[in-house]
Structures are given as C-alpha cells and as structure tokens.
Amino acid sequence: MSTETAAPQATFTARDGKGIQITEPAMKQLAALMQQQGEGRVLRVGVRSGGCSGMSYTMDFISAGEIRGDDERYTYEPADAPSFEVVCDPKSLLYIYGMQLDFSTALIGGGFNFTNPNATQTCGCGSSFAV
C-alpha cells in the first residue's frame, strides 16, 4: 500500500490576487476557449436559482459591451497565452467567492468542476450546490 499523496494543484488568482481560484488545467482550457472566441470577449461566471441542490453555476462568454457597471472584473494571466478577463455580478460573488475552478479531460465526469468552500451541499453532477 502506497502512502504517497497527490501534490496539491497550483491555482491562479486574478492579477490583483482576488477572484476565483483557477487550476492550471482550467487556465489552459479557458485560454484556448478565449482565443477561439476572438477579441472583445470576456468570461462571465455566476450562479442562478435551480439545479438539483438549489443553485447552479453559470459560465458564458459575453462581449465586453455587456459588462455591467456593478460587475466585478478580474484579469487572469496564463503563462503561455494572452491574458483574459472574468466578470461576476455582486450577488453571485457572495456565493462563489473563494471557489476553485478545475478542468478534467476524464471521459466520465470530465469538463469544468467547481469546488466551492461556501457550499453546504453539492450534487453528483458538480454543477449545483446549496448554501
């Protein structure tokens, strides 16, 4: 029996040290997706009512012109790709502050995964939670 444990993954925060934590695999995936989206696009991350646990995460690319005045804006700087911006509305930020975003290429359960320290309950699909 091996007593070896996996090393914790490096996480990235926005340039100002705030925002959600993004693991290296998620940074690479987001950087690639941002390049596909083209100039003038940002990633909106948030929550909405619904899902099997009461609230669900949302992620969508929007044009920079759709950023609202009260949105929090965070700039992320991947090592091998251009920087990109993530925006979040203040209400959603209350629920996801400190959240970690990861990405997996696994055939089952792959894709973006959210680890939220504010969640009191999560569902099996990993995209909804309760506080």
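Biologist: What classes of residue make up the lining of the largest cavity?

Modeller: The lining has 7 nonpolar, 1 polar and no charged residues. Ala, Val, Leu, Ile, Met, Phe, Trp, Tyr, Cys and Pro count as nonpolar, Asp, Glu, Lys and Arg as charged, and the others, Gly among them, as polar. The model is a predicted one, in which local features need pLDDT of at least 70 and side-chain atom pairs pLDDT 80 or more, while totals for chains, interfaces and linings use all residues. Residues are numbered from 1 along each chain as its sequence is written, and side-chain values use heavy atoms, with hydrogens and water left out.

Biologist: Why is this space called a cavity and not a pocket?

Modeller: On a 1 Å grid over the protein atoms alone, a cavity is a set of points where a 1.4 Å probe fits but cannot get out; a pocket is an open set with protein on both sides within 12 Å along at least five of seven lines. Lining residues have an atom within 4 Å of a point. β6 and α2 (90–96) are the elements that give two or more residues to its lining.

Biologist: Which residues line the largest pocket?

Modeller: They are A31, M34, Q35, G38, E39, G40, R41, V42, P82, S83, F84 and E85. The elements giving two or more of them are α1 (24–37), β3 (41–49) and β6 (84–88), with α1 giving the most, 3 residues. The classes are 5 nonpolar, 4 polar and 3 charged. The pocket holds about 220 Å³, a volume being the space filled by probe spheres set on the grid points, which are joined across faces, edges and corners.

Biologist: What makes up the second largest pocket?

Modeller: Its volume is about 160 Å³, and its lining includes F12, E24, K28 and D80. The largest share, 6 residues, comes from α1. By class there are 7 nonpolar, 1 polar and 3 charged residues.

Biologist: Why is the pair of Y57 and F114 called stacked?

Modeller: Rings of Phe, Tyr and Trp (its six-membered ring) pair if their centres lie within 6.5 Å; planes under 30 degrees apart count as stacked, over 60 as edge-to-face and the rest as tilted. The centres of Y57 and F114 are 4.2 Å apart and their planes at 15°, so the pair is stacked. Y57 is in strand β4 (residues 55–63) and F114 in strand β8 (residues 111–115), 57 residues apart.

Biologist: What makes Y76 and F84 a stacked pair?

Modeller: With centres 5.8 Å apart and planes at 20°, Y76 and F84 meet the rule, so they are stacked. The structure holds 3 aromatic pairs.

Biologist: Are Y76 and F84 buried or exposed?

Modeller: Both Y76 and F84 are buried, as are Y57 and F114. Buried means under 20% relative accessible area, exposed over 50%, partly exposed in between (1.4 Å probe, protein chains only). Of the 131 residues of the protein chain, 37% count as buried.

Terms used
Helix = DSSP H or I, 4+ residues; strand = E, 2+ residues; numbered from the N terminus.
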